[in-house]
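Q: I am new to this structure. Could we go through it together, step by step?

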Amino acid sequence: MAHLLADGLRFRHQDTMIHRLDPRIKLLISIALFSVALLSSNLSQLAVAFGAIIVPAALARSLRRLGKVMSVSLTFAVFIFIINLVFGYGFLKSATLTLRFMAIVASTSLFFVTTSPDELEYVMRWFRLPRDFVFAFVTAVRFVPVLMLDLTQIIDAQKSRGLELDRGGPVKRLRNLIPVLIPLIVNALVRSGELAEAMESRGYGAVKKPTSLYTLRLASRDYAALSMTVAAWASILLSFGVLAQT
Amino acid sequence: MVALDDVSLEVDKGEVLAIVGGNGAGKTTLLKHLNGLLKPTSGSVKVFGKETKEQSVAELSRKIGLVFQNSDHQLFSETAESEVLFGLKNFGFSEADAVRRAGEVFSYFGLDSLRQRAPLTLSGGEKKRLCIAAVMAWNPEVLVLDEPTVGQDYLSKGRILDTIRQLVAAEKTVLVVSHDLEFLWPLDARTVVMMGGKVVADGDSQTVFSDSPLLEGAGLKQPQLVTISKLFGRSPSFRDVSDAANWLSRR
Amino acid sequence: MVGAADEILRFEDLSFKYMGLDLPTLQNVNLSMRKGEIAVLAGASGSGKTTLLRCINGLIPHIYPGEYSGRVVVDGLVAQDTPTYELAKKIGFLFQNPENQIFMFTVERDIAFGLENLGVERSEIARRVDESLKLLSIEDLRNRSPSELSDGQKQRVAIAGALAMGPELLVLDEPTSLLDPRAATDVVALVKELNAELGLSVLLVEHRLELVAPIADQLIIMSGGRIWKSGPPVEVLASEGIHEVGLSAPTVVELQRQLRALGRWPGKIDLSVDAFYSEAKETWR
């Protein structure tokens with residue numbers, strides 16, 4: 001299940017009109033969708049919310065990817081549904097709350113699915129987040145596939161020594177993870193030490209305000225998307241006023 | 001993209017086999033089929049006459065010990081001794097039996113001084129030999145070494161070579177995967193050359209290592225002794241520098 | 001400005017003991033490298049090579065504290081008194097595993113990384129990135145993600161990133177150790193080319209002496225934290241006792257050394273098999 005989540009949220013390069021947008025606009029779209037999802041308090045409003053999410057998702061050719069993420073959140077969704085029922089909220093209300101949760105998940109995932117880690121970095125820098133923090137984030141994401149590869153190699157090596165990860169009760173299974181986690185963590189620590197040395201050798205910290213090869217600049221399509229997003233947002237919120245009674 | 005393409009290979013008991021090729025030739029992929037980490041998409045892999053598809057990795061590893069390239073992917077225990085005990089316990093040896101075998105294997109490989117050391121503090125060469133010892137502790141019939149010399153210095157390579165010879169003398173079946181032909185030359189092993197997922201040569205080391213175009217095509221470097229022997233028209237090629245010096249000094 | 005004008009690197013009686021260790025890792029190291037030279041540093045594991053390298057780019061003593069005596073001078077700068085980022089402008093440092101020195105998601109941005117850190121102006125960064133890509137023949141990798149690249153390619157990217165910063169000295173720590181023979185030969189040829197084309201001084205730490213001895217102007221062998229021998233490669237490789245320091249000369253050199261000991265090799269010792277053969281034909285005709 002963790003696989004699906006990691007896979008679903010991972011950015012894959014695609015050339016759609018959504019992907020080509022400035023990441024700040026993509027963020028804005030997600031925020032708009034998120035707020036709409038948050039404000040949905042009945043089924044018809046939710047229908048509008050989902051509809052609003054599906055449009056950019058379809059334009060970004062990411063419906064299937066989004067579907068994967070949704071299937072993972074399904075367990076949580078069911079959990080929320082049951083909890084609400086238990087607390088006496090009634091079937092309809094519980095269903096509404098559950099669907100709202102899923103709409104929120106979908107709207108935020110859309111951003112991550114359409115935005116490369118590269119672009120994420122630019123957005124973070126634009127928000128003037130501390131450089132060290134942004135760098136740490138970027139490097140972490142960059143090394144995820146590397147560590148995943150380490151993990152498969154470690155598992156292979158330990159399985160070859162007779163380690164059986166899929167046998168035994170829950171306690172045994174947890175214990176069996178030790179020969180996998182320790183090498184993984186140690187290797188990650190050694191890597192980070194080497195990374196630190198490499199950073200020094202590339203002048204990290206030489207200057208308080210490092211320059212940047214690329215900067216974000218809004219193009220005409222970004223302004224177009226911006227106006228459309230704002231217009232759609234406004235209309236949806238107005239329609240919510242109408243749909244509030246249903 | 002196919003990682004292995006129509007590979008047919010038979011290895012007899014007690015044989016020493018070298019599998020050579022550049023990075024990406026498919027050597028490691030091939031090895032992983034031996035203990036079931038990978039199962040073939042088509043064709044069959046039989047170990048001791050039985051299909052690997054019908055056996056678990058643990059079952060197969062009991063008979064075929066794989067030592068991977070990166071020692072740091074395996075070592076995790078507090079002491080070298082507990083590292084060796086790990087595999088033994090996994091394969092169901094009793095406490096008493098396991099401790100006895102661990103002791104034997106430390107002596108056999110001359111690693112007694114390392115017994116209580118923390119594996120993570122050992123040198124590269126020591127780690128490698130510890131990994132080999134840890135696998136031999138449960139006494140598999142076959143030992144497979146994946147690039148044992150990568151990152152090792154000269155002294156360490158010598159010790160690894162001695163270890164292999166020790167095992168060959170004990171009639172184990174040994175497979176060594178390497179791109180380091182200088183290292184393999186003294187072993188005089190049957191050699192299989194792989195390229196792009198295929199086996200492109202299979203013969204004795206003299207024939208294979210003398211085939212310069214073959215080696216070059218496979219991205220491998222001919223051992224200098226072979227090149228020198230060929231230049232002086234000497235066949236079979238010298239296995240040892242001293243032999244070469246003596247022979248040449250008499251010309 | 002300290003030191004001789006044509007010297008790129010000098011170690012003056014350097015000793016170093018890591019904090020927390022009982023014994024010094026480096027003892028009275030004296031070394032000198034001329035500008036434009038390719039020097040190879042070799043030694044068994046534990047001989048102090050990595051520690052020596054860390055003294056060059058300032059990681060010792062700035063990141064790794066300990067007892068430091070003596071001096072390291074890099075192109076006029078005293079390493080001990082210079083911050084690491086200043087030294088980074090002079091020294092391009094390549095670590096053993098290229099994976100752990102590529103930070104960014106695309107090759108292009110990684111090459112730019114060092115320049116961004118130094119606060120270089122954007123158009124200049126772009127120019128230098130283009131130049132580095134071209135120099136290392138990896139223009140087609142510009143927008144690729146580093147995790148998709150082969151080891152040899154990753155290494156080129158790392159070298160490009162170091163070169164973009166315009167160093168005087170390139171230091172490579174065992175660049176071929178994870179590579180297969182073909183990729184190893186390529187990287188050695190690349191280093192030779194960079195030295196020839198750019199006049200870049202190069203310090204190479206390497207085990208596989210048969211690969212690098214042919215391109216070296218100077219071979220330095222370390223043992224137990226000291227310099228055991230240094231000089232022209234052939235001379236050093238043909239020395240007695242090289243096995244005792246945990247190294248092995250290329251077979252062809254060892255052969256000539258043994259022939260010399262048997263009194264059958266009066267001439268000079270060659271590094272290449274072909275040269276040896278030609279000379280043998282001459283000598284024994």
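A: Helices (H or I, at least four residues) and strands (E, at least two) are DSSP runs, numbered from the N terminus. This is a predicted model, in which local features need pLDDT of at least 70, side-chain atom pairs count only at pLDDT 80 or more, and totals for chains, interfaces and linings use all residues. Residues are numbered from 1 along each chain as its sequence is written, while chains are lettered from A and ligands numbered from 1 in the order in which they are written.

Q: How many helices and strands does chain B have?
A: The secondary structure of chain B consists of 11 helices and eight strands. Its radius of gyration, taken over C-alpha atoms, is 19 Å, close to the 18 Å from the globule rule (2.2 Å times the number of residues to the power 0.38) for 251 residues, so chain B is as compact as a globular protein of that length.

Q: And what does the C-alpha trace of chain B span along its principal axes?
A: The trace spans about 60 × 45 × 30 Å.

Q: Which percentage of chain B is buried?
A: Buried residues account for 49% of the 251 residues in chain B. A residue is buried if 20 or more other C-beta atoms lie within 10 Å of its own, exposed if 12 or fewer, and partly exposed in between, with C-beta atoms placed from the backbone.

Q: What about contacts inside chain B?
A: Two residues are in contact if their C-beta atoms, placed from the backbone, lie within 7 Å. Of the contacts in chain B with a separation of 6 or more, 64% are between residues 24 or more positions apart.

Q: Where does chain B touch chain A?
A: In total, 20 residues of chain B are in contact with 17 residues of chain A. On the chain B side, α2 (57–63) and α3 (80–90) each supply at least two residues, and α2(B) gives the most, with four residues.

Q: Which elements of chain A touch chain C, then?
A: Here 25 residues of chain A are in contact with 34 residues of chain C. Helices α6 (117–126), α7 (131–159) and α9 (178–201) of chain A each supply at least two residues of the chain A side, and α9(A) has the largest share, seven residues. By class, that side has 10 nonpolar, seven polar and eight charged residues. Ala, Val, Leu, Ile, Met, Phe, Trp, Tyr, Cys and Pro count as nonpolar, Asp, Glu, Lys and Arg as charged, and the others, Gly among them, as polar.

Q: Switching to chain C: what is the strand order in its open sheet of four strands?
A: The order is β2-β1-β4-β5, with antiparallel pairing; two strands pair if DSSP finds at least two bridges between them. The edge strands, each pairing on one side only, are β2 (26–34) and β5 (77–78) of chain C. Two bridges join β4 (residues 66–74) of chain C to β5(C), and C:Val73 stands opposite C:Val78 in β5(C).

Q: Finally, is C:Gly231 buried or partly exposed?
A: C:Gly231 counts as partly exposed because it has 13 C-beta neighbours inside 10 Å. This glycine lies in strand β10 (residues 226–231) of chain C.

Q: What does C:Gly231 touch?
A: Not counting residues up to four places away in sequence, C:Gly231 touches C:Gln218, C:Leu219 and C:Val236. The C-alpha atoms of C:Gly231 and C:Ile63, 168 residues apart along the chain, are separated by 31 Å.
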